[in-house]
Amino acid sequence: MIAGALSVSALAAGKLTALPDRTSGVHSTLRAATWVLRGSALAGYAVLLTAELRSPRPAYDLRRWATVFPLGMTAVAALVAATATGVDWPRPLGRVLLGVAAGAWLLRAAGFLAAASRWPRVRRVRRVLRRGR
């Protein structure tokens, strides 16, 4: 929960930093907030990723989406922060993190489809569809 909130906050700070017509004091504060929040979001990303790798849960669980969301948001926040602050080194990191988040999303989506295929209601719909052919 906290990792997602930090990621969204880092994204919002990056978007605000990128807005034109800011006084230098406000812009400097927003820029610093962007970096602090992005660093905190990256720490949360590392914790989530470590927890997932340490205790993998191959069976589908709806709660796993709470891990996928912060992974994606942290990656996007890193990309936005790089653009907003004019610092290029976080951009490749953001792309790698986005790849990891996309992989996690695909695994969760595949797990959902596999779990849904075992639900009685879905089985009935599949049988009805097969009969209709």
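Q: What is pLDDT, and in which helix of this predicted model is it lowest?
A: pLDDT is the predictor's confidence in each residue, on a scale from 0 to 100. The model is predicted, and the protein averages a pLDDT of 84, with 95% of the residues scoring at least 70. Confidence is highest in helix 4 (residues 90-116), at a mean of 89. It is lowest, at a mean of 75, in helix 5 (residues 120-131).

Q: How many residues apart in the chain are Trp-35 and Trp-89?
A: Trp-35 belongs to helix 2 (residues 24-54). Trp-89 sits in the loop between helix 3 (65-85) and helix 4. The pair thus links distant parts of the chain, 54 residues apart.

Q: Is Trp-89 buried or exposed?
A: The relative accessibility of Trp-89 is 55%. A residue over 50% counts as exposed, so Trp-89 is exposed.

Q: Is the pair of Trp-65 and Trp-105 stacked or edge-to-face?
A: Trp-65 in helix 3 and Trp-105 in helix 4 are 40 residues apart in the chain. Their ring centres lie 6.2 Å from each other, with 65° between the planes. Because planes over 60 degrees apart count as edge-to-face, the pair is edge-to-face.

Definitions and conventions: Residues are numbered from 1 along each chain as its sequence is written. This is a predicted model: local features need pLDDT of at least 70, side-chain atom pairs count only at pLDDT 80 or more; totals for chains, interfaces and linings use all residues. Side-chain values use heavy atoms; hydrogens and water are left out. Helices (H or I, at least four residues) and strands (E, at least two) are DSSP runs, numbered from the N terminus. Buried means under 20% relative accessible area, exposed over 50%, partly exposed in between (1.4 Å probe, protein chains only). Rings of Phe, Tyr and Trp (its six-membered ring) pair if their centres lie within 6.5 Å; planes under 30 degrees apart count as stacked, over 60 as edge-to-face and the rest as tilted.
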